Amino acid sequence: MDLFRWLRISGGERYVPEGPPGPVVRRRYRFSGVVQGVGFRYEAKFVASGLERTGWARNEADGSVTVEIEGGADRIGAFLLAMEAVPRFEITDIQAEELPPTGREKTFSALY
């Protein structure tokens with residue numbers, strides 16, 4: 001399971017949902033802490049693409065990273081678990097906001 005290598009932590013592997021992805025939702029997350037200059041946007045793209053989610057990740061002027069992600073709710077939960085498990089990130093806070101699904105994106109992008 002190389003795709004989910006980032007889910008492996010010292011206690012074992014995290015659960016990755018299988019089967020239908022559930023109802024489509026869109027969420028905006030704002031990650032604070034040491035999340036810029038550590039490959040956060042690119043890891044978000046890798047993880048979201050592996051989970052077949054769409055959306056984007058963007059650095060903010062205050063040092064945080066904003067992510068909008070769309071797809072099945074259970075796989076979005078797996079996205080959060082994966083991002084929190086990356087040892088080079090020091091996430092101190094995650095703010096979440098529910099948004100209406102747009103269906104506009106076909107992939108997940110790292111924005112500049």
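**Close-up views around helix α1**

**View 1. The residue after helix α1.** Helix α1 is followed by glutamate 52, whose phi is positive, near 60 degrees; helices (H or I, at least four residues) and strands (E, at least two) are DSSP runs, numbered from the N terminus. The model is predicted, so that local features need pLDDT of at least 70 and side-chain atom pairs count only at pLDDT 80 or more, while totals for chains, interfaces and linings use all residues. Residues are numbered from 1 along each chain as its sequence is written, and side-chain values use heavy atoms, with hydrogens and water left out.

**View 2. The buried side of helix α1.** In α1, which spans residues 40–50, the buried residues (under 20% relative accessible area, with exposed over 50% and partly exposed in between; 1.4 Å probe, protein chains only) are Phe40, Arg41, Glu43, Ala44, Val47 and Ala48. Because they cover an arc of only 160 degrees around the axis, they are on the same side of α1; the arc is that of the directions from the helix axis to the C-beta atoms. The buried residues of α1 pack against β3 (24–34), β4 (54–59), β5 (65–72), α2 (73–85), β6 (90–99) and β7 (108–111), where contact means heavy atoms within 4.5 Å.

**View 3. The largest nonpolar core.** A nonpolar core is a set of buried Ala, Val, Leu, Ile, Met, Phe, Trp, Tyr and Cys residues joined through side-chain atoms within 4.5 Å. The largest one holds 23 residues, of which Phe31, Phe40, Val67, Ile69, Phe79, Met83 and Phe108 touch the most other members. At least two residues of this core come from each of β3, α1, β5 and α2, and the largest share, 6 residues, is supplied by α2.

**View 4. Phenylalanine 40 and its aromatic partners.** Leaving aside residues up to four places away in sequence, phenylalanine 40 touches Phe31, Val35, Val65, Val67, Met83, Phe89 and Ile91. The structure holds 4 aromatic pairs, a pair being rings of Phe, Tyr and Trp (its six-membered ring) whose centres lie within 6.5 Å, with planes under 30 degrees apart counted as stacked, over 60 as edge-to-face and the rest as tilted. One of them joins phenylalanine 31 and phenylalanine 40 in a tilted arrangement, 4.9 Å centre to centre with 55 degrees between the planes. Phenylalanine 40 and phenylalanine 89 also form a tilted pair, at 4.7 Å centre to centre and 50 degrees between the planes. This pair links distant parts of the chain, phenylalanine 40 in helix α1 and phenylalanine 89 in the loop between α2 and β6, 49 residues apart. Tyr29, Phe31, Phe40 and Phe89 form one aromatic cluster.
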